[in-house]
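User: Can you walk me through the aromatic rings in this one? Keep it short, please.

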Amino acid sequence: MEKHDLEKRLRDLGEYSEYWMRKELKILGPMIKPGEELYCVLTGVNEANRKMLAVTDQRLIIILAGALGSGEIKVIKKEAVTGFCFEKKLFSKLAISAAGEEYVFTNTQGGRKELFEWAMGK
């Protein structure tokens, strides 16, 4: 996905103002395949690092954009997800179970709960 297309999609989702400066977006754009649709983006602390979680119609993409160009990307097919739970509170928490592993994001944006649940239901 081209940068301007990604920015437009984030604006359509009402998320651009919160993420326009995130370096993870440089990684996310090329990761989204032609014909794949981005549904939700949020950030949270996972394994002691702030990471970005992007939900598309086909996959979940977890991105850590580390210092000095180092980083990490984890891709989970949507059909591999066996469950998820989003607790909206002062310090919101998101847990995703997939392929025998659990991915927990703490201190995530509670205001993204409805959008995330919609994205996972698509």
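Analyst: Ring pairs link Phe-84, Phe-86 and Phe-116 into a cluster. Rings of Phe, Tyr and Trp (its six-membered ring) pair if their centres lie within 6.5 Å; planes under 30 degrees apart count as stacked, over 60 as edge-to-face and the rest as tilted. This is a predicted model: local features need pLDDT of at least 70, side-chain atom pairs count only at pLDDT 80 or more, and totals for chains, interfaces and linings use all residues. Residues are numbered from 1 along each chain as its sequence is written, and side-chain values use heavy atoms, leaving out hydrogens and water.

User: How many aromatic pairs does the whole structure have?

Analyst: The search finds three. In one of them, the rings of Phe-84 and Phe-116 have centres 5.4 Å apart and planes at 90 degrees, so this pair is edge-to-face.

User: Which parts does that pair tie together?

Analyst: Phe-84 sits in strand β5 (residues 81-87) and Phe-116 in helix α4 (residues 113-121), so the tied parts are 32 residues apart in sequence. Helices (H or I, at least four residues) and strands (E, at least two) are DSSP runs, numbered from the N terminus.

User: Is Phe-116 buried or exposed?

Analyst: Phe-116 is buried, with a relative accessible area of 0%. Phe-84 is partly exposed, at 37%. Buried means under 20% relative accessible area, exposed over 50%, partly exposed in between (1.4 Å probe, protein chains only).

User: And how do the rings of Phe-86 and Phe-116 sit?

Analyst: Their centres are 5.9 Å apart and their planes are at 50 degrees, so that pair is tilted. Phe-86 and Phe-116 are both buried.

User: What about the nonpolar core? Which residues touch the most other members?

Analyst: Leu-28, Leu-53 and Phe-116 do, in the largest core, which has 31 residues. Strand β1 (residues 38-46) gives the largest share, five residues. A nonpolar core is a set of buried Ala, Val, Leu, Ile, Met, Phe, Trp, Tyr and Cys residues joined through side-chain atoms within 4.5 Å.

User: New topic. Where does Lys-51 lie?

Analyst: Lys-51 is in strand β2 (residues 49-56). Lys-51 is buried, with a relative accessible area of 2%.

User: Which side chain makes a polar contact with Lys-51?

Analyst: That of Glu-47, at 3.2 Å. A polar contact is a pair of N or O atoms within 3.5 Å; within protein, one must be able to donate a hydrogen and the other to accept it, and residues adjacent in sequence count only if both atoms are side-chain atoms.
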